[in-house]
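The sequence and the model are shown first.

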Amino acid sequence: MCGIVGYAGHRRADGVLLQGLKKLEYRGYDSAGIAVCSAGEIFCEKKKGRVGELQAIVEAAALDGHVGIGHTRWATHGAPSDVNSHPHLNGSRRFALVHNGIIENYAALKDALLAKGYRFRSETDSEVLAHMLEACDCESLLETLVQVLAKIQGSYAIAVLDREHPEEIFVARKSSPLVIGLGDGENFIASDIPAVLEYTKNMYILEDGEIASVQAQGVTVYDAKGQTVDKKVYQVHWDATQADKGGFADYMRKEIYEQPNALRKMLDAYCKDDKITLPFQFTRKALQEIKQITIVGCGTASYAGRVGEYILEEITGIPVKVEVGSEYRYKRSILDASNLIIILSQSGETADSLASMREAKARGAKLIGVTNVIGSTLSRELEHVIHTMAGPEIAVASTKAFTSQILALYLIGLFLAESTKTISESQYQAYISKLRGIPEKVEEILRREREIQSIAEEFYAYEDMFFIGRLWDYPIALEGSHKLKEISYIHAEAYEAGELKHGALALVTSETPVICLSSIAAIADKMASNIMEVKARNAQMIHVRSEAVPPAPGCKREFLLPQEEDLFTPILAVVPLQLFSYFTAKYRGCDVDKPRNLAKSVTVE
Ligand code: AGP
């Protein structure tokens, strides 16, 4: 999604801004731009394409400005183009503005401005803001912003430069993240922490409705009415190197390899002295009240939720359903304290997941959040939160966050069962020791990556693939096909193995390789029949199976998963699929970290 950076200090602003924009590239974008106050004017350059292309133009201008803003755009209103890129200027070039989010009532606002004679250059919703600043023009920019923002419906994070006050940047947010990095004689603005982490670990995290004035010598934060706010400094506990590639060719590969340690870190933090301790304040009575669990997430997080459906039902005996955020937020679900809603979100900023969270909260349900980003909106708005501790996930395709979310769901299940005494102590301990064994088995799979690479080498040129599985192998199949689509642009579909013959089998031919997941020994024979069905249609099959599952005759290739009890196979089963997508995308020459059209954190509806 779009990214914002800003700088006020003693360094040359253009360099800091370009550097910050590069750090935000992982979020996904199609154009970039900067605006810098220099020699009494606002210099503005913006272009469709990569930050590298913008850099050459900006460097040639040799700007001597020390205050500026920058933006990477992910198109929503208006195609990617130079003119639709940010910053946007008002007619007199007094204001330059960058915006993330969507102004839902922009059409009406634009009509009103057109009627007053304002001329628009772009097709974006954001440009209305630049003209509204001019149209309103109160005594101070703070007052102007208070008035303008009160008229806006939708979501925004904005940063504004004013030629008349070139030492200052104003920022504001509503439902779109923005942080202010606090330096010594310099201050930074960014959509997320990694963009400014090389300069400072001290941050202000803006809350919805807040406005801030950022200058080299200080930052003042105001509420939506313009009253000053006492803001707590948030200290980041990880450093910039964790957000680097650390010797790997791409972030995705590094993040796949970080999984064993990420899982270990979570187990160490939440499982001490053979007891799972989660940072929750629920009383036993409150937990005993829970009669229904709903897991909500988007994309990969929703597939982790679907794996969790099986895990939680098995461990707790409580019925579980899974919903995607974009649908759940508009459902008129009847909720009360007997409902537990678990919101899964790596970023903690996904607009649909946050809206679902707020809706469920308002309807009286109990809530638990699972997020990878400390300080994210999800973690700040919920009282009961598990942090997945996987470290920054930069690649658009989620890997380590997925396996950490599944681990979090095991922990929640065991925590609920133990707190309500619905599990025997011996079963509880047996499950904990199973979890402790998983990181090493993931390492074992990673050591055998060459086997998966050679499967990818054989199959990367096909344009359609199927993934099939039963029970929790099915959401793993969904995640496998999701990964392949995202980064290799191969058309891939996942099916419950028994469902294929009800329609999609018509598409299975020798040109559609089928990845058959069979990690669950208890239903291995059922899966074997489904494999025979695709074999009879001449499909080339890749069998990913547990040791306890017999080989399937006729499969072209197979990958053997380390032995594991059925309920604990999902984390193991997904790792070869992550590597398969990774190598397939590499063989096809794709940019694995920044796939086309996609954004890391989807902060619009
Ligand atoms: C994962 O590979 C995707 N890029 C995407 O589906 C992602 O999982 C989804 O947008 C949800 O993000 P979140 O976990 O940050 O809420």
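## The second largest cavity

In this predicted model, the lining of the second largest cavity consists of nine nonpolar residues, with no polar and no charged ones. The residues concerned are I452, I455, I515, I542, V544, F559, P576, L577 and F580. The space that they line amounts to about 70 Å³.

Three elements, α15 (449-459), β25 (541-546) and α18 (570-587), each contribute at least two residues to this lining. Helix α18 provides the largest share, with three residues.

## The largest cavity

What is the division of the lining of the largest cavity into nonpolar, polar and charged residues? Five are nonpolar, nine are polar and two are charged. The lining of the second largest cavity, by comparison, has no polar and no charged residues.

## Helix α16

Helix α16 covers residues 473-488, and at 1.5 Å a residue its 16 residues should span 22 Å. The C-alpha atoms at its ends are 22 Å apart, in agreement with that expectation.

Is α16 largely enclosed or largely open to the outside? Of its 16 residues, 15 are buried, so the helix is largely enclosed by the rest of the structure. The residue that follows α16 is Y489, which has a positive phi, near 65°.

## Cysteines

The search of the whole structure finds zero disulfides. C516 is accordingly in no disulfide, and the nearest cysteine sulfur, belonging to C555, is 5.5 Å away. For a disulfide, the two sulfur atoms would have to lie within 2.5 Å.

C516 has a relative accessibility of 0% and therefore counts as buried. C271 also counts as buried, because its relative accessibility is 5%; the cut-off for this class is under 20%.

## Aromatic pairs

A pair of aromatic rings is described by the distance of the centres and the angle of the planes. The structure holds twelve aromatic pairs. One of them joins Y310 and W472, with 5.7 Å from centre to centre and 65° between the planes, an edge-to-face arrangement. This pair links distant parts of the chain, 162 residues apart: Y310 lies in helix α9 (residues 300-316), whereas W472 lies in the loop between β22 (464-469) and α16. Y310 counts as partly exposed because its relative accessibility is 27%. W472, at 10% relative accessibility, counts as buried.

The rings of F459 and Y462 have their centres 6.0 Å apart and their planes at 35°, so this pair is classed as tilted. Both F459 and Y462 are buried. Elsewhere, Y7, F188 and Y199 are linked into a cluster by ring pairs.

Notes. Residues are numbered from 1 along each chain as its sequence is written. This is a predicted model: local features need pLDDT of at least 70, side-chain atom pairs count only at pLDDT 80 or more; totals for chains, interfaces and linings use all residues. Side-chain values use heavy atoms; hydrogens and water are left out. Helices (H or I, at least four residues) and strands (E, at least two) are DSSP runs, numbered from the N terminus. The expected span of a helix is 1.5 Å times one less than its number of residues. Buried means under 20% relative accessible area, exposed over 50%, partly exposed in between (1.4 Å probe, protein chains only). Ala, Val, Leu, Ile, Met, Phe, Trp, Tyr, Cys and Pro count as nonpolar, Asp, Glu, Lys and Arg as charged, and the others, Gly among them, as polar. On a 1 Å grid over the protein atoms alone, a cavity is a set of points where a 1.4 Å probe fits but cannot get out, and a pocket is an open set with protein on both sides within 12 Å along at least five of seven lines; lining residues have an atom within 4 Å of a point. Grid points are joined across faces, edges and corners, and a volume is the space filled by probe spheres set on the points. Rings of Phe, Tyr and Trp (its six-membered ring) pair if their centres lie within 6.5 Å; planes under 30 degrees apart count as stacked, over 60 as edge-to-face and the rest as tilted.
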